[in-house]
Amino acid sequence: MSDKRRAELEAKRAKLAELRKARADRQKAEAERRTSDSAGPSVVRRDVDDLVNSLIGTAGRAIDSAADSPGSSAPGTPSPGQTGSLPGPSALSLSGRLSRQSDATSDRVSVGTTFVQSTNGATEHVVDRVMTARVMPDLVDIEQELFELPQKERVIYNKEVQTMEVEPAPAVVSEEELRERILREREVADAEREARERQLEEESAQLDKEIEQEIREMTEEEKFSIFSAPEFLDFVEQSTKIVQRALNDNYDYIRDYTVGAENGVDDSEGRRVKCVCAFYDERFGKNRSITDVDWSPKFPELSCASYNKNPAALNEPDGIVAVWNMHLLERPEFVFHSQSDVLSVTFSPFHSNLIFGGTYSGQILLWDTRSKHLPVLKTPLSAAGHTHPVYAIQMVGTQNAHNLITSSTDGTVCSWLVDMLAQPQETLELVHAGHNKTGEVAITSLNFPDNETTTFWVGTEEGNVYQANRYDRAGAKAGLNQYDVYRGHSGPVMGLDFHPPLGQVDFSDLFLTCSVDWTVKLWRAKSLAKPSTAATTVTPIYSFEEADDYVYDVKWHPTHPALFGVVDGSGRFDIWNLNFDTEVSVVSTTVGSGRAINKLQWDRKEGRRAAMGGSDGKLYVYDIGDMALPRESEWNDLQRTIAGVVGGGAPTNGVV
């Protein structure tokens, strides 16, 4: 027990010594800093003066002693002040000569001469001079080794040393005395042990008190100031995101690859889809529906979703855009706020940090992931922009010249510069003369063909699809094409998507539409080189009528030419392969709890994953597996399929 206590005390002493040493180091550093600040050139000047005075004083004393010594000059040399004359007109008479001895010992010798008028009128020169020898201090190098020599042991022999000691026989001790002696020794040992224990306790208490004084507990105000600091909050936010990303990694680290291998191949395995994850946060998704989704063009693990208003939360923002990470399931990576419901959202394909959103009030908002929750730019609520809900938004152009195209339900299409949302660069009013009550075209969906920045197609509330131009071009004016009307739907067009131009055959003139009339229709756009000069009705080349509810969105697959996905109001996600079957979808699965799925978006690079936004506020991500990998013959097969559909004989299972 005492050894354990001693070990604890030693640990406390070491800790206390470390704290005191740290405090002493801080005080010493502070004192040195103050000393260096207060010390000025006066100290250095005083040190230099002391050194010079010591040298000059030593030399002066040596000169005086040499001058007073009678042996400082050689025999026959006159003392200072004596004069001698030499015959001749200009003879010099030196009164004094430095001897070798005086030159080596004295530093200053006076030599005097005077001018004397001789009898013949000549002037004899006697010059008084003071000769000063250079001070050469003698420096002597001394080498000295300091060590202690061991003292020689002196052995003394005497009678006592050489005589063997004989101990007397021990006295006989009785048993009672022995027992009493043992009891006394035991009592003394117990008393000493208790004293040591008491001393250790007191010392431990003293050390605890000193350590407590060295380590002071922060007050509640100090804790609150630290916990509420923006730097601390940012650190906690970033650190917890990193930890949660690591914890959400679903990789099986203990998987054994040597067992459980199956040689059999399931033919239906390639046509299965599985739910990868469902993003939902109670704080942001409660009582809200997802209105649009999009994938990041640079980071394949990031996706964003826009949300409408939560009628039960009056203090929360009406609209929200959440950026979700595939490695962070419990909460969004970023959350952006809006004063109105956000109906459409898209990542900028040219700036990975920028996100654009269209709102129910007509405002266009720009958020930056490097900034806070509020938008960094937004359009004004004025007639210069949109004043009706913006359901369609798309970025067109190239890296160096691109525009944001938006459309609202009042038939207005605006073109914006990314860095200037104060007013639109262009404004188009899409009107059609064939409308009975109003000429406005209520736009619900909009899409540009790939590699096209001027001509676009719009879906409307009335069920028709129109082609429009941003500028005047050969044979067509800017605005809505009044002649070509794509008729086929009997309800509002909810989705419109053009075929991506990839592969051996160009199908970029094909586009799909979906509507609340429970159908999906395949169209072929009319050639822009031959515009119509009279009213022309364009009909779809095929209609897919398998749905049992409103069809809310349809999207071509980005890499497979014959594949497209459909989501509807019953919560179903259908995948169609035109080369396999045109009557029935190849895969149909119910997403989530069966609530309506509002939007669908394939990931931009591989197309293996599909993001779907539900009316329950959840963002679902599904993986379609090997169905995303096209064969080389898919383009030729689709060409034969389209030819058979147009000719009236729809092929099945890829056979024409």
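1. Let's start with the sheet: four strands sit in an open arrangement, in the order S22-S23-S24-S26, and their pairing is antiparallel. Strands here are DSSP E runs of at least two residues, helices are H or I runs of at least four, and both are numbered from the N terminus. Two strands count as paired if DSSP finds at least two bridges between them. S22 (493-498) and S26 (542-544) are the edge strands, each with a single partner, so one side of each has no neighbour in the sheet. Neighbouring strands are turned by 20° against each other on average, direction ignored; the axes are lines fitted to C-alpha atoms, and angles run from 0 to 180 degrees between N-to-C directions.

2. A word on what you're looking at: this is a predicted model, where local features need pLDDT of at least 70 and side-chain atom pairs count only at pLDDT 80 or more, while totals for chains, interfaces and linings use all residues. Residues are numbered from 1 along each chain as its sequence is written, and side-chain values use heavy atoms, with hydrogens and water left out.

3. S24 (residues 520-524) is joined to S26 by three bridges, and the two run antiparallel.

4. Now the charges. The whole structure holds 21 salt bridges, a salt bridge being a side-chain nitrogen of Lys or Arg within 4 Å of a carboxyl oxygen of Asp or Glu. Helix H1 (residues 2-38) has Glu10 and Arg13 three residues apart, about one helical turn, and these two form a salt bridge with the closest N and O atoms 2.9 Å apart. Glu10 is partly exposed at 48% relative accessible area, and Arg13 is partly exposed too, at 29%. For the labels, buried is under 20% relative accessible area, exposed is over 50%, and partly exposed is in between (1.4 Å probe, protein chains only).

5. H1 also has Asp25 and Lys21, four residues apart and again separated by about one helical turn. Their side chains meet in a salt bridge at 3.3 Å, N to O. Asp25 is partly exposed at 40%, whereas Lys21 counts as exposed at 54%. As background, an α-helix has 3.6 residues a turn, so residues three or four places apart point the same way.

6. On to helix H5 (residues 175-214), where Glu176 and Arg179 are three residues apart, about one helical turn. They form a salt bridge at 3.4 Å, N to O, and Arg179 is partly exposed at 40% relative accessibility.

7. Last, the surface. Met218, Ile226, Phe227, Phe232, Leu233, Phe235 and Val236 make a nonpolar patch of about 630 Å². Patch residues have over 30% relative accessible area and no salt bridge, with nonpolar side chains (Val, Leu, Ile, Met, Phe, Trp, Tyr) joined within 5 Å and like charges within 9 Å. Helix H6 (220-227) and helix H7 (230-247) each give two or more residues, and H7 has the largest share, with four. Phe227 lies in H6 and is partly exposed at 49%.

Conventions: Accessible areas come from the Shrake-Rupley method with a 1.4 Å probe; for residues, only the protein chains shown count as cover.
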